[in-house]
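Colleague: I would like a close look at a single part of this structure, with its neighbours described in one connected account. Please begin with the aromatic rings and then move on to the strands.

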Amino acid sequence: MADSSNITLQSEEPSLGQIQIAPEVLEIIVGIAVSQIDGVNRMQGTISSSVNELFGRKKSLGKGVKLTIVDDQISVDVYAYLNYGVSVPKVALAIQDKVKQQILFMTDLALSEVNVHITGIVTEKTESAIDPNNLFGDEDPEADQNEDGEES
């Protein structure tokens with residue numbers, strides 16, 4: 001998802017050499033930061049990342065993150081699913097703050113913008129009230145037992 005060119009950090013000691021960061025590293029930092037926010041269920045992935053996870057391959061930590069670099073300005077687009085019942089604006093603001101903070105702390109790079117795209121809401125899974133052994137509910141579970149509690 002990221003551009004192919006590395007990002008070169010400005011060093012205070014140029015005699016020591018260059019520091020370059022691959023855009024994929026920034027995507028991973030953003031993905032981990034977003035996944036730590038309360039209310040975020042998961043990040044939106046591509047079909048290939050979903051298939052890879054289905055087959056037990058390594059989970060892509062940078063999925064749901066698009067990095068854009070234009071004229072030395074770095075912007076990030078985050079695509080996430082939230083849990084049902086959370087305040088969407090509060091979670092989106094928390095995502096923006098956390099992403100900017102983590103990128104600045106870990107790479108000393110300032111992001112020009114963090115765009116948050118809420119792609120869906122995930123509801124809680126509820127336990128089914130249907131007994132798979134008694135689909136139609138017409139069997140009495142105690143009918144198969146005699147008065148001693150033993151099955152007949």
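Modeller: This is a predicted model, and a search of the whole structure finds zero aromatic pairs.

The part to follow from here is β5, which comprises residues 73-83. On one side β5 is joined to β3 by three bridges, the two strands running antiparallel, and within this pairing V40 stands opposite L82 of β5. Strand β5 also pairs with β4 in the antiparallel sense, over six bridges, and here L67 stands opposite V76 of β5. The hairpin that β4 and β5 form has two residues between the strands, and in it D71 takes a positive phi near 50°.

With β6, residues 113-122, the direction is parallel, and nine bridges join this strand to β5; S75 of the pair stands opposite E113 in β6. Taken together with α3, the strands β5 and β6 make a right-handed β-α-β unit.

Strand β5 also belongs to the cover over the buried residues of α1, a cover that includes β1, β2, β3, β4 and α3 as well. Those buried residues are P23, L26, E27, I29, V30, G31, A33 and V34. Helix α1 itself spans residues 23-35, and its 13 residues reach 19 Å from the first C-alpha to the last, close to the 18 Å expected at 1.5 Å a residue.

Methods
Residues numbered from 1 in each chain as written. Predicted model: local features only at pLDDT ≥ 70, side-chain atom pairs only at ≥ 80, totals over all residues. Heavy atoms only, no water. Phe/Tyr/Trp six-rings, centres within 6.5 Å; stacked < 30°, edge-to-face > 60°. Helix = DSSP H or I, 4+ residues; strand = E, 2+ residues; numbered from the N terminus. Expected span 1.5 Å × (residues − 1). Buried < 20%, exposed > 50% of the residue type's maximum accessible area, 1.4 Å probe, protein only. Contact = heavy atoms within 4.5 Å. Pairing = 2+ DSSP bridges. Right-handed = clockwise from strand over helix to strand, strands pointing away.
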